[in-house]
Amino acid sequence: MKVEIKLDENCLETKVIIITEKMTDEITALMQRLSEETPQGIVGFDGDVVQILEPTDIVRIYSAVGKVFVVTDKKEFVLRLRLYEVEERLSSKGFVRISNSEIINIKKAKKFDLSTVGTICVSLSNGDVSFVSRRYVTKIKKTLGI
C-alpha cells in the first residue's frame, strides 16, 4: 500500500481519498479507523488523580449510586461518562452490555454458568462475578455463538 500526502495552505478541511482496484477487508477496516472520532482510551478518576485506561485493561464497567465505575485487574476508577457513552466507545472492542447497569469486556470473561434458568452467571478474570439479566441473555448467547 502506498501513502501519499499533499500539503495545501488553502485546504480548510482534511480530506482522505482511497484509490483501489476493489474493496477489500483491509480497505474497509482502514475506512472505519479513519472515520472514528472518539478517543481510544477512557479517562478514569481516582480522587484527584486522572488516569488514561486502555480498553484491554478494563474488566467491567457498571453504574451504582448515580456514578459510573470502571474496574481493571488492579483498581477501580470513577468515570465522568454515562454508561451508554462508554458502550458506544467500546462496543467494537469486545465489550458487551449484560444488564441495564453493567458492561463487561468479553475477553476478560473466564466462564459462563448457564445452570440457572433464565440467567447467566459470568466469572471475570479479576475474580468478580456478574449476572446477565434476562433481557440480555439472548444477546450474550448470540455473541458467544450458543
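This report describes the sheet, the aromatic contacts and the salt bridges of a predicted model.

## The sheet and its edges

Seven strands make up an open sheet, arranged in the order S2-S1-S5-S4-S3-S7-S6 with antiparallel pairing. At the edges stand strand S2 (49-53) and strand S6 (95-99), each of which has a single partner strand, so one side of each is left without a neighbour in the sheet. From one strand to the next, the twist averages 30°.

Helix H2 packs on this sheet, where it touches strand S1 (42-46) as well as S3, S4, S5, S6 and S7, and the direction of H2 makes about 160° with that of S3.

## Strand S5 and its neighbours

Strand S5 (residues 76-79) pairs with strand S4 (residues 67-72) in the antiparallel sense over four bridges, and a hairpin of three residues joins S4 to S5. Within this pairing, Phe-69 stands opposite Val-78 in S5, while Val-71 stands opposite Glu-76 in S5.

S5 also pairs with S1, again in the antiparallel sense, over two bridges, and here Phe-45 stands opposite Val-78. Val-78 therefore has Phe-69 opposite it and also Phe-45 opposite it, if the pairing criterion of at least two bridges between strands is kept in mind. The two faces of S5 can be told apart by their covering: Phe-77 and Leu-79 belong to the covered face, whereas Glu-76 and Val-78 belong to the uncovered one.

## Aromatic contacts

The structure holds one aromatic pair, which is formed by Tyr-62 and Phe-69, with 5.3 Å centre to centre and 25° between the planes. Because planes under 30 degrees apart count as stacked, the pair is described as stacked. Both Tyr-62 and Phe-69 are buried, and Phe-69 is also the residue that stands opposite Val-78 in S5.

A charged side chain is found at another ring: Arg-80 lies over the face of Phe-45, at 3.9 Å from the ring centre.

## Salt bridges

Side chains of opposite charge can pair when their charged atoms come close. A search of the whole structure finds seven salt bridges, and three of them are described here, beginning with the one in which the side chains of Glu-4 and Lys-6 meet at 3.8 Å, N to O. Both Glu-4 and Lys-6 are exposed.

In another salt bridge, the side chains of Glu-102 and Arg-60 meet at 2.7 Å, N to O. Glu-102 lies in strand S7 (residues 102-105) and Arg-60 in strand S3 (residues 58-64), so this pair ties together parts that are 42 residues apart in sequence. Glu-102 is buried, as is Arg-60.

Glu-87 forms a salt bridge with Lys-139, and the closest N and O atoms of the two are 4.0 Å apart. Since Glu-87 lies in helix H2 (residues 83-90) and Lys-139 in helix H3 (residues 134-144), the pair ties together parts that are 52 residues apart in sequence. Glu-87 counts as partly exposed because its relative accessibility is 23%, and Lys-139, with a relative accessible area of 37%, is likewise partly exposed. Finally, salt bridges that share partners join Arg-60, Glu-102 and Asp-128 into one network.

Technical notes:
Residues numbered from 1 in each chain as written. Predicted model: local features only at pLDDT ≥ 70, side-chain atom pairs only at ≥ 80, totals over all residues. Heavy atoms only, no water. Buried < 20%, exposed > 50% of the residue type's maximum accessible area, 1.4 Å probe, protein only. Axes fitted to C-alpha atoms, helices over the stretch in contact; angles between N-to-C directions. Contact = heavy atoms within 4.5 Å. Phe/Tyr/Trp six-rings, centres within 6.5 Å; stacked < 30°, edge-to-face > 60°. Lys NZ or Arg CZ within 6 Å of the ring centre and 35° of its normal.
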